[in-house]
Amino acid sequence: MNTMTLTGTAATAIALTLALSACGSGSDDKGSSSTATNDARGPITFATGKDLTGTIQMLVGKWNTAHPNEKVRIIELPEDGDQTRQQLVQNAQIKSNAYDVIRLDAVWTAEFAARRWVLPLDESKLDPSTFVPAALETGKYRGKLYAAPWLTGTGILYYRTDLLKAAGVKSPPTTWTELTDACAKVKKTPEGKGVDCFAGQYDKYEGLTVNFSEAVQSAGGQVFDASGKPQVTTPQAKAGLQFLVDGFKQGTIPSKGVTLKEEEGRRAFQDGKLVFHRNWAYVYAMASAKDGSSKVNGKFDVVPLPGKDGPGSGTLGGNNLSVSAFSKHQATARDFITYIVSLETQREYGKEQSFPLSRTALYDDPAMVKLYPYLPVLKKSLQAAKPRPVAVKYSEVSAAIQDNVTAAITGKKTVDQASTDLQTALSGLTD
Amino acid sequence: MSHTSTGHAPAGSPPAASPGGPTPTGRGRSGKGRSGRGRSRRADGQGRLAAALLSPTLAVLGVVIAFPIAVAVWDSLHTTSEELDADGLVVEGTRFSGVRNYADLFRGETGDRFLNALWNTSFFTVTTVVLETILGLGMALLMHRAFRGRALFRASVLVPWAIPTAISALLWRWIFSADGVANAVLGREVLWTADGAAAKYAVILADTWKTAPFVALLVLAGLQIIPQEVYEAARVDGANAWQRFWSITLPMVKPALLVAVMFRMLDSLRMFDVPQVLIGTRKPSVETLSQLAWDEAMNLRFGPAAASAIALFLYIILAAYVFVRLLGADFVPRGGTTPHTPRRTARFGRGTAK
């Protein structure tokens, strides 16, 4: 009997707790579904990455002085992309209003928009024609803008000017053949001993999806066509994959390439162990360091990525800003986004930190070019760059690409087999 | 949880309180050590008081243990279907799918992945626990000896255990990178963090380094309660060092050792952070069940994620059960007597062992 009383009491307690929590989520639901009341003004939060230079704090400070009743508080999210996504997804699932303005990676737009976690933005208020066109594209889902382009960037080719000069190569390569030829010449020089030819990022993670897409685009193919259908079995797409596979087979890409992410590759290039290296713009400043951390300062330059028969095409990376669907002060959130992505604010931001920004004008600004000499190359690259596949189930699309490309470059599948398998997997994910 | 309630219930169950039943004989267990004095004096109201006092604990246990398990089981029996409407927005529907998520663990592509993860998990558990037990025992024996610099040695052995697992995995990733220390020492380029057999060794090494000290610590505690007199008696009887180890140290440290092995086994069955940080996600050569469940959940496939998590849960229960049954590990000291003396020590002198 006592046991029964005991369980009875416990059951009551549990039931009570559950009822309470149910109440909690119930009222939350009601709040978020009536959008009219959420379109208000008031203090908001800004969920973004680490503010390494403190510039965002300075920009937010300016906004706060001008808008004392709509103050913005910065919330720093993890540096790692997967962790950031995890945190944002979890918050969205419990319909939390903890974040008002959120920074989305370019490839998450479709997922967040389709799941109604972020709200559409009025494009006309953002002066859309002055954005880098490809960057603007990454913020759209089904023709509607959900995320305002803020940071952007694409892969560029770093190369060793000193090695090419010693080998008698006059101009940096624009095609894959020129690249391998240049390497062969460098290899024959005494300086070129022990230096590997080329590497991007081929570890099994998001970077592999980026590098695969770039190879396919640079061979004239595309991973997904305009209507969203996968096209990885076309001759062009196969040629792209073949380039990577051959690279590993012939040693153009060192076998340790399958363990390289951005940082590992950057270190190899900085230590003088690579002739050519595909990476983002952030490497420029670090490889130019004169404090002895870089062995290649003053001995390298950048060009757009080479392709199969001509200049290649990079994929876009970047971060865009969205209004959370669960925000209670959406009017303020929209205004704040307009402020942050405006040309003037971006110019101010760009002076303090080197991450490339989304307004075209900044790439021609002489003051900016003086600060960041790679901007003209980056501008040219951005004109040829394409966004990564737009898919609601992006992370699964990316996983399928990584699985099959890894199998191909490690020789577990032939190029044909990997392409066919990938086509099947992608078709299943986009229907 | 049921143990907790039955364990406490007899204390408040006077003979008069159970209608239509004699005093339950099975419950005599917890009362074995103590004599029955004072039990019959208990007033009726005390039972209710006990229940009231215990209910917050039970409620907390219910909320943090029973409720999540129930929800996970519920999740594992459902599938979320997603379709896009005309505007490309997701329309979600959750429907009951019975045991389909469980059946998928054993068939098709998802089945291959699950069985591979199950194999990896078991492989890592067996290898790391064996290595850690041997190393841990060795370290404990060394720490137990009196020698110069013992304090320093003890402290340094504990350093790996003090480092958060994710951080130590990062350190090992640094060591195992293509141009890292490991390859420099070996003089050849092994791609440890790529997907292959080498990745398995990397995980085993990192995990052993990290948790052998834990075993050592628990075993050391066990060693310290072995009275010196037993060894002296053994010496007088002419036992050599190996005999002393085999017939005194090992049996007497067995309870502590078994607890350590049990903890390590349960821990490594749910291994996640070492392979995740050191090698990465979705790498078949090291993917464990925890990683699989995590990856599914991150892709919002909560049904399959819950199903594999429940499968892992059952696997751990089974492993613990088999372990307790096979080795007769006894984790709940019976009655009032604290660490009970193993029978085999009797050979060298019952009186001295307390």
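**Charges, contacts and sheets**

Modeller: Over all chains of this predicted model, the count comes to 33 salt bridges. Let us take one of them as a starting point.

Biologist: Which residue meets the side chain of D335(A) in a salt bridge?

Modeller: Side chains of opposite charge can pair when their charged atoms come close. Here the N to O distance is 2.9 Å, and the rule asks for a nitrogen of Lys or Arg within 4 Å of a carboxyl oxygen of Asp or Glu. D335(A) lies in helix α13 of chain A, while its partner sits in the loop between α2 (35–38) and β1 of chain A, 294 residues apart from it. The partner is R41(A).

Biologist: How many salt bridges are there between chain B and chain A?

Modeller: One of the pairs that can be pointed to joins D85(B) and R116(A), with the closest N and O atoms 3.8 Å apart, and that distance counts because the cut-off is 4 Å. Between chain B and chain A, the count is seven.

Biologist: Which element gives the largest share of the side of chain B that touches chain A?

Modeller: The elements of chain B that give two or more residues to this side are α2 (44–76), β1 (78–84), β2 (90–96), α6 (165–176) and α12 (289–298). The largest share, eleven residues, comes from α2(B).

Biologist: How many nonpolar residues does the side of chain B that touches chain A have?

Modeller: In the contact between the chains, 45 residues of chain B meet 42 residues of chain A. Sorted by class, the side belonging to chain B has nine polar and 13 charged residues, and its nonpolar residues number 23.

Biologist: Which three residues supply 16% of the area that chain B buries against chain A?

Modeller: The two chains bury about 3500 Å² between them, with 56% of it on carbon and sulfur atoms. Of the area that chain B buries against chain A, the share of 16% is more than any other three residues supply, and it comes from R282(B), M298(B) and L300(B).

Biologist: Turning to chain A, which residue stands opposite L151(A) in β11(A)?

Modeller: Chain A has an open sheet of five strands in the order β2-β1-β3-β11-β6, with mixed pairing, and its edge strands are β2 (72–76) and β6 (148–154). β6(A) pairs with β11(A), residues 316–323, in the antiparallel sense over six bridges. Opposite L151(A) stands N319(A).

Biologist: What angle does the direction of helix α13 of chain A make with that of β11(A)?

Modeller: Helix α13 of chain A, residues 330–341, packs on this sheet and touches β1 (44–48), β2, β3 (101–105), β6 and β11 of chain A. Its direction and that of β11(A) make an angle of about 145 degrees.

Biologist: In the sheet of four strands, which residue in β9(A) is the bridge partner of D196(A)?

Modeller: This open sheet of chain A has the order β8-β9-β7-β10, with mixed pairing, and β8 (196–199) and β10 (300–303) are its edge strands. Three bridges join β8(A) to β9(A), residues 274–279, and the two run parallel. The partner of D196(A) is L274(A).

Biologist: Which helix of chain A lies across β7, β8 and β9?

Modeller: Helix α11 (residues 262–270) of chain A packs on the sheet too, but touches β7, β9 and β10 of chain A. The helix asked for covers residues 176–188 and runs at about 150 degrees to β9(A), and this helix is α8 of chain A.

Definitions and conventions. Residues numbered from 1 in each chain as written. Chains lettered and ligands numbered in written order. Predicted model: local features only at pLDDT ≥ 70, side-chain atom pairs only at ≥ 80, totals over all residues. Heavy atoms only, no water. Contact = heavy atoms within 4.5 Å. Buried area = accessible area lost by both parts, 1.4 Å probe. Nonpolar A, V, L, I, M, F, W, Y, C, P; charged D, E, K, R; others polar. Pairing = 2+ DSSP bridges. Axes fitted to C-alpha atoms, helices over the stretch in contact; angles between N-to-C directions.
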